[in-house]
Structures are given as structure tokens and as C-alpha cells.
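Have the viewer open as you read.

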Amino acid sequence: MATSRTGMLLKSAKKSGVLSRVVSTSASSHNASASTVILDRSAAKTCPFRSRFQAVDEAISPWRHETDVSAKTNSDIKTFEEIPGPKGLPVVGTLFDYFKKDGLRFNKMFEAYQKRAIEHGPIYKEKIATINTVVISDPEEYSKVIRSEGKYPQRREMEPIAYYRQQRGLGLGLVNDQGEEWYKLRTVTAPKMLKMKDVLDFCVPMNEVGDDFVTHLTTTRQANDEIVGLEKELFKWAFESIGTFLFEERVGCFSNPTPAQAKDFIDHLQEFFRYLQPLMYNVPTYRLYRTKLWKKFEYHADKVFELGREFIEKKVAELETEQLNGTCTDSDKVSFLTYMLSQNSLTTDEALSTAVDLLTAATETTSNAMLWSLYCLAENPEAQERMFEETKSVLGEGSEITPQNITKLTYVKAVLKETFRKYPITWATSRITHEDMEVSGHHIPANTHVQANLFGMFRDEKLFPDNDKFQPERWLRENKMDTQLKSLSNLIWGHGARMCIGRRFAEQEMHIMLTKIVQNFKLEYHHEPIEATLNTVMTPDRPLVLKFIPRV
Ligand code: HEM
């Protein structure tokens, strides 16, 4: 019998001991030290995909090759201390500004940045308790930060998650690791996630998930066509999509009842994000003693890891059985998990941390982006009709979305871009500078936390005229938008070598899902206007109740 690709991958995993390590640690899944195994650092350096990954990454990096990175060195450059900004108190900085009656709010940080920028200008600095940050609201100036990125771009870690993982002896994972450790994880994961062909191959399962979700929405509607609890339903869709990618099989989120394991995972993940937000910006007192809030966060984080580990162990057991029975499929399209487990350089802990990172990073983001897109479409019937017309002319009556025709859905793509402009779910993007540089006429020393004020720039009338209007047209090629402004819209995904690794996956699944929804339903909204708040990412401030009126 010819050796299948899956079989070969598994053999390689077996040889490296990854599979047996996963299984052998399962009995003590709560004992983090049991999952500590030897690292093979040499493998990352010799990764066969490295050059391909770099090529892909460079191709999608805005501004990267445009101009020289070197900072001005004339004596006009002002000092770091001269950067304007709100005056705070010693030690706590401006912390109390966020607790005053009618003051700024942590769950509206995007508005705080916008207000500060209007008051202090395109560059300002602020110290909120332990967080020191420089905020830039000029695309040209932030491009200097982008272009100066080194081999190991550094983003401030999500402190509560990093602290939790350290306490549990778990790896920090792709999202929070830095330096060589991050590079190793990125080098293993990027080839599978950023290669356009691999992502386009995924159109088939994404269509299946999309069709099932449309059916699910149809059955979830009330008699007046409204869907109550849309947030949860979209969360299920997002989980089903990333689950299918990770495990190469359906999780079953749309069945009634939802399988207990998937339901628990979704419930705990939502709570995890709910408690994460207030922990992110406040004084990290949880480092001194386990506050009530911290205990809740910890409880849900434990459950997310426990359930994530169960998903993975189930998959590993299935793969082993398949291998024993010789029934491995002869295909290039192995699941992401199979692929990861076959990488000799990953420890069990790293494979688990990466899988959990992907499950968590993929759900809250795409489900909220979909909520905002559907809300914008419901509030803008003309845009909705134009999108419907495009889907009819490109796809005809109900035909599948394929790697060939998806590129022609230009208006659908513009709808998503415009949604992100109005509601940038990731409302700021950042780096810790790794060298001294000049930005906005000021000296910025190495190791400074610098952020791009995306929300402020997207809502700046000078950059985007009529910015309160939802106008997907502004992103269409014929409207010849300034190249740098166009690139600004990419910053919703971050930038450079550390840009969102799920970008291609996320864009494609959202384009497919939006298309299918508009093909099948007319969307309407008949309640109070929605405002934005933060639940780690930007989210509607109240349940979004939309009408899904069947088109036929
Ligand atoms: C609407 C959808 C999404 C948005 C707006 C988004 C946005 C972002 C942003 C802004 C970053 C930081 C990038 C940087 O610092 O340059 C990021 C990182 C990341 N995202 Fe996404 N994301 C989305 C969906 C996804 C999905 C679907 C996945 C997984 C399949 C994912 C996985 C990750 C991971 C693992 C990182 C950390 C990458 C690293 O540090 O190397 N994201 N994302």
C-alpha cells in the first residue's frame, strides 16, 4: 500500500514522540509540569517553509518597501519628554480619569484615544497605572514604526492571559510569546495558514458550514423573522469554522442540542473574554492576591484549556486508530492539528497552547465582525441591495463560492472593509519599538510601547470625508482611494511579520458567510441605534436583534 501523506505525517509525529507525549500527558492534563518536554530548537531554524512564509508575509505587509526606515537625525527633533499628553499623578498616572463621573471609561478606550488625540494632537503619551503608551494618529508617522520592525516584532502581551499561563506552567503561545520562542511557533504555523492556495482550498468546507448556518438561522427565527441571541449563534458559526479547520471535521454546533463539549467550550470562552476586559486595563492587583474577578477569569480559563485539551486528545486518538487500521486518507489536505502534531519542533504544551490560541483568537473576532457587518447592512438597505445584485451577477442562483469566483465579489469585500472602518473591532494596533527612532518630530527610544489610534483615524473627517456614513463604495478601485489610506484599512489585521495569522482564513470565511446571508435574507433592524463597547474586542453594547426576512 502506498504510504499516504497523512500516514507519513503521523509517522513523523510518532518518531518524534509528539503523539505519544500528547496521549501520555492526558491523564494528568491539569498537571502542567507533566507536559514539559524537550525543545528541538534546530528544527525551527531549518524549517523548509521559512522562505515561503517570508515571501507571503512580505507580500501582504503594507508600506514595507516604500521608503527608507532611518530616522531624521537633525537637531530639530524634540525629546521624548516633550511629547504632549495628559498630566497624571505620580505612580498611578491618569488612572483616576477613568473612574470620574462622566469621565473616560476602560470599556470605551477607543473613544478615550480619540478624545486625547483631538486634545493633544497626532502624537501624545499617557501613563495609566502601569501602562505607558505613545499614541499616534497619523498614518504616515505610524508607517515609520511599521517599517522599523525587526525579525522578532514585539507586541505588548495580554497581561492577564500571560500571567495565567505562567501560573499554570503553560507555554505563552503564539499570541503572547516573544523573540525566538514566538518565531519558532510562527514559523511552524504560518505556512499552513497564510498560503493562499491552502486557504482557497478551504472554500469547500466553508461553503458547507455557511449553508448549514443559513439553515440554522432559518430554524432559529421567531414568527416575526427576528433572531434573538444572534451573538451566540454567530459565536457557534465562528467556532464551527475554526473547529473544521483545526480538526478537519465538523464540531456539530448547529445541531439541536449543541454537543455538550462544544456548548461548554463556547460558554466558557465567552465568559473568559468577559472577565478579561476589566483585567486588561486596571492595576494588576491579581498579581498580589487572587481577586474575585481574577478567580472568575481563572475558572473560565481553566475550563477553556481543559476542554481544548479534550478536543485535541480526541483527535489524536482518532488519528492513531486510523493509522493502526491503515485508513489514513491519501490527501494533502490534512487538518491543521495533524500538521502541527507532525512538526518535530513542537512540544505537547506548545501544540496545545497554539491550538487554544487559534480557537480563542478566531471566535470572538470573526463573530463580532459579522455582527457589525450585518448591523451595517440592515441599517443601509441600498448597500445591502447592491451587494445582493453583485452576488446574483457573479454567482447566479445559489451556485457555490469557489476560489475562482470569490475574487470577483468586490462589493462584498468593500462592505467588510467599510464595516471595519466604522467599527474597528481591533481598534488600535501596536508595537514595542526595538530601536531608537523619530516619529512626529519626537525621539522615541527603543522599548517604547507605541500604538496606532485606528478608531481615531477611521473616524477622522479629514482622512475619510462623510465618515459617519456607511459607504462601501469608497473602497472600490474606481474611486481611486489614496494608497496610504487604503493600506490603513489593512491595519485592522496588524502588520508585518506579526500580522494576524488568521487574516486570510477570517476574510474568506466572512466573505462567504456574508454572501450567503444576503443571498438568502433581507436584513432589517427596528430597535434603538447600537453603540460600541469593549469586550476585549469592540462589540455592540446590547443584544443585536435583526430581522432575517427570507428572499424567496
Ligand atoms: C475579524 C477577524 C480578526 C481580526 C480583525 C484580527 C486581528 C488581529 C490583530 C490586529 C492581531 C495583532 C497583529 C499584530 O500585532 O500585528 C492579530 C493577531 C493574531 N490573530 Fe487575528 N484577527 C482576526 C481573526 C483571527 C482568526 C480567525 C484567527 C485564527 C484562525 C486569528 C489568529 C490570530 C493569532 C494567532 C494572532 C497572533 C499572531 C502573532 O502574534 O504572531 N485571528 N489578529
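## The open sheet

Three strands make an open sheet, ordered β3-β11-β8, with antiparallel pairing (strands are DSSP E runs of at least two residues and helices H or I runs of at least four, numbered from the N terminus; two strands pair if DSSP finds at least two bridges between them). At the edges are β3 (226-227) and β8 (521-524), each pairing on one side only. Helix α16 (residues 348-379) packs on this sheet and touches β8 and β11, contact being C-beta atoms, placed from the backbone, within 7 Å. The direction of α16 makes about 85 degrees with that of β8 (axes are lines fitted to C-alpha atoms, for helices over the stretch in contact, with angles from 0 to 180 degrees between N-to-C directions).

This is a predicted model, so local features need pLDDT of at least 70 and side-chain atom pairs pLDDT 80 or more, while totals for chains, interfaces and linings use all residues. Numbering starts from 1 along each chain as its sequence is written.

## Around β7

Strand β7 (residues 449-452) runs parallel to β2 (residues 131-136), joined by 3 bridges; Val-134 partners Val-450 there.

## The ligand shell

The ligand has 26 residues around it, the closest being Ala-361, Ala-362, Gly-494, Cys-500 and Gly-502 (near means a C-beta atom, placed from the backbone, within 6 Å). Two or more residues each come from α8 (173-176), α16 and α21 (503-520), and α16 gives the most, with 7.

How values were computed
Contact = placed C-beta atoms within 7 Å.
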